[in-house]
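Trainee: Could you guide me through the reading of aromatic pairs and pockets in a model?

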Amino acid sequence: METVYFWVVVGLLLVSGIWHIAAPGLTERWMSNARVVRAVGALLLVLALPSLVWRGWYFWTLFSGLTASGLWRLCFPQSSIRAQRRSYPCWVHGCLLLAGAVLLWALRP
């Protein structure tokens, strides 16, 4: 199950990163909607839960990152939207998501 979970998280990061880069306008439009941002936050929190089953720094770090990101998006969607817009363009966020997927893959348990 660890392997399946690992590939699901890496795959979602890859798809999300590629989507941010390939369709920045559409991504911007969708991610400007507080409901969508909240749904992404809820998805991240659900995705974080299996990390609690396994021990070790890798899964605890993954749990912490997914939980922090998910809570921010779920509880403060407008703040998340403003921060993303002001910090960097959508394609940069895509590059960060791809880098996260590569990092998860490189450090895999």
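**Aromatic pairs and the pocket**

Mentor: Trp7 counts as partly exposed because its relative accessibility is 47%, where buried means under 20% relative accessible area, exposed over 50% and partly exposed in between (1.4 Å probe, protein chains only). Phe6, at 7%, counts as buried. The model is predicted: local features need pLDDT of at least 70, side-chain atom pairs count only at pLDDT 80 or more, and totals for chains, interfaces and linings use all residues. Residues are numbered from 1 along each chain as its sequence is written, and side-chain values use heavy atoms, without hydrogens and water.

Trainee: How many aromatic pairs does a search of the whole structure find?

Mentor: A pair of aromatic rings is described by the distance of the centres and the angle of the planes. Rings of Phe, Tyr and Trp (its six-membered ring) pair if their centres lie within 6.5 Å; planes under 30 degrees apart count as stacked, over 60 as edge-to-face and the rest as tilted. The search finds 8 pairs. Phe6 and Trp7 are edge-to-face because their planes stand at 75°, with ring centres 4.9 Å apart. Trp54 and Phe59 form a tilted pair, at 5.2 Å and 45°.

Trainee: Are Trp54 and Phe59 buried or exposed?

Mentor: Both are buried. Trp54 and Phe59 also belong to one aromatic cluster with Tyr5, Trp57 and Tyr58.

Trainee: Which classes of residue line the largest pocket?

Mentor: A pocket is an open set of points on a 1 Å grid over the protein atoms alone, where a 1.4 Å probe fits, with protein on both sides within 12 Å along at least five of seven lines; lining residues have an atom within 4 Å of a point. Here the lining has 26 nonpolar, 11 polar and 3 charged residues, with Ala, Val, Leu, Ile, Met, Phe, Trp, Tyr, Cys and Pro as nonpolar, Asp, Glu, Lys and Arg as charged, and the others as polar.
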